[in-house]
Amino acid sequence: MNQRCRMEQELLELEVLHRPDQRTQVNNTDAVPFRFICHLELRAFDTTNTTVTSRSVATGVLVGPRHVLTTGHTLLAQRGRVKARHAWVSPGLNGSTSPFGRVEATVFRPHPNWFRNGVEDEDYDYGMITLNDAIGEKRFSSLGNKPLGWWGDPANGGGTKLERLDPASLNNVTVNVAGYPDDQPPGTMWTSSGQATPLRDPQGRITTMARRLPHNADTAPSQSGSPVWIGATDQNPRYLVGLHNGALDLTFTRPTGTQTQRTNTAIRVTREFLQQLAAWK
């Protein structure tokens with residue numbers, strides 16, 4: 001029995017799409033950094049009845065020769081009930097065109113703290129897909145017979161960086177997001193920009209301990225796992241600062257009273273985040 005559904009938990013479906021919609025389609029997905037952004041076609045099984053399968057589409061980012069970073073709820077959903085078991089991964093997919101082919105994957109590792117003791121912790125909503133083939137090392141004629149590379153690859157990353165930045169440096173900085181939303185034609189990549197607003201403690205100070213980074217760039221479901229980055233050129237490198245994972249309700253105290261505002265959010269690239277990625281590789 002096949003049951004088509006999206007592997008997204010209800011809260012994370014509530015992503016913020018403003019009006020007017022500021023997203024634009026990425027027409028040249030061969031360019032950096034878009035060729036490192038991956039379209040994910042996943043098949044999962046229901047742990048309560050393994051004959052029931054589900055299919056979903058999500059986004060990921062290539063961060064190693066065969067390693068794709070995405071959200072935990074893409075790999076393990078509905079409080080551990082739905083688990084990914086197979087995926088086709090297409091870097092830089094452009095509609096019906098796969099400029100770098102499709103790679104199979106059967107190894108999925110959500111963060112161990114994403115779902116623990118029956119509870120999902122959105123601070124750890126990320127995981128790793130290990131591809132069967134090292135697509136990042138494969139050479140392509142469209143790239144001048146150079147390797148595809150990956151985000152943060154010093155040789156073929158095109159000026160992309162995967163490093164921890166001080167959250168204070170991200171206050172109101174312009175961020176970019178790109179991925180594969182399900183409200184657009186299948187397989188098309190869309191990008192948008194907005195501002196980051198690091199989380200603060202009760203005294204209003206930016207906290208370096210926060211694992212999440214709110215932002216107001218436009219997104220839609222299936223963009224979970226999209227890279228959130230700053231910078232645009234080799235002189236101003238593209239730093240991956242987060243992994244888009246959904247929405248967050250922020251409460252503000254103003255002279256007129258307490259107000260709640262929904263904003264998009266990303267898992268921030270912290271030292272702990274980088275240590276976990278290194279352990280997975």
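## A walk through the model, starting at a tryptophan

Start by selecting tryptophan 151, which is buried at a relative accessible area of 1%; here buried means under 20% relative accessible area, exposed means over 50% and partly exposed lies in between, with a 1.4 Å probe and protein chains only. You are looking at a predicted model, in which local features need pLDDT of at least 70 and side-chain atom pairs count only at pLDDT 80 or more, while totals for chains, interfaces and linings use all residues. Residue numbers run from 1 along each chain as its sequence is written, and side-chain values use heavy atoms, with hydrogens and water left out.

**The whole chain**

Zoom out for a moment. The chain has 3 helices and 20 strands, taken as DSSP runs (H or I of at least four residues for helices, E of at least two for strands) and numbered from the N terminus. Of its 281 residues, 53% count as buried. The accessible surface comes to about 12,600 Å², and carbon and sulfur atoms hold 46% of that; these areas come from the Shrake-Rupley method with a 1.4 Å probe, and for residues only the protein chains shown count as cover. Among contacts (heavy atoms within 4.5 Å) with a separation of 6 or more, 68% are between residues 24 or more positions apart.

**Aromatic pairs**

Next, colour the aromatic rings. The whole structure holds 5 aromatic pairs. Rings of Phe, Tyr and Trp (its six-membered ring) pair if their centres lie within 6.5 Å; planes under 30 degrees apart count as stacked, over 60 as edge-to-face and the rest as tilted.

Select phenylalanine 100 and phenylalanine 140: they form an edge-to-face pair, 5.0 Å centre to centre with 80° between the planes. Phenylalanine 100 sits in the loop between β7 (82-91) and β8 (103-110) and phenylalanine 140 in strand β12 (residues 139-140), so this pair ties together parts 40 residues apart in sequence. Phenylalanine 100 is buried at 2% relative accessible area, and phenylalanine 140 is buried at 9%.

Now return to your starting point. Tryptophan 151 and tryptophan 229 have ring centres 5.6 Å apart and planes at 65°, so they too make an edge-to-face pair. Distant parts of the chain are linked here: tryptophan 151 is in the loop between β13 (146-147) and β14 (160-161), tryptophan 229 is in strand β18 (residues 227-230), and they are 78 residues apart. Tryptophan 229 is buried, with 4% relative accessible area.

**Around strand β16**

Strand β2 (residues 24-25) runs antiparallel to β16 and is joined to it by 2 bridges; two strands pair if DSSP finds at least two bridges between them. Look for glutamine 25 opposite tryptophan 190. Strand β15 (residues 174-179) also pairs with β16 in the antiparallel sense, over 6 bridges, with alanine 178 opposite threonine 191.

**Two nonpolar cores**

Show Leu62 and Leu131, the residues with the most contacts inside the largest nonpolar core, which has 45 residues. Such a core is a set of buried Ala, Val, Leu, Ile, Met, Phe, Trp, Tyr and Cys residues joined through side-chain atoms within 4.5 Å. Elements that each supply at least two of its residues include β4 (49-64), β11 (127-131), β19 (238-254) and α3. Beyond its neighbours within four places in sequence, leucine 131 touches Leu62, Arg66, Val68, Val89, Val103, Glu104 and Ala105. Apart from this core lies another of 11 residues, among them Val175, Val177, Ile230 and Val241.

Leucine 170, in the loop between β14 and β15, is worth a click: its relative accessibility is 2%, which counts as buried. Leaving aside neighbours within four places in sequence, its contacts are Leu165, Ala196, Pro198, Leu213, Ile230 and Val241.

**Helix α3**

Turn to helix α3 (residues 271-280), whose buried residues are Phe273, Gln276, Leu277 and Trp280. Look down the axis: these residues fall within an arc of 100°, so they line one face of the helix. The arc is that of the directions from the helix axis to the C-beta atoms. On the other side of α3, Arg271, Gln275, Ala278 and Ala279 are exposed.

**Backbone stops to finish**

Most residues other than glycine have a negative phi, and most peptide bonds are trans. Select valine 32 and proline 33, and you will find a cis peptide bond with omega near 5°, in which proline 33 belongs to the loop between β2 and β3. Asparagine 117 has a positive phi, near 55°; this residue is exposed at 75% relative accessible area. Finally, asparagine 172 has a phi near 60° and lies in the loop between β14 and β15.
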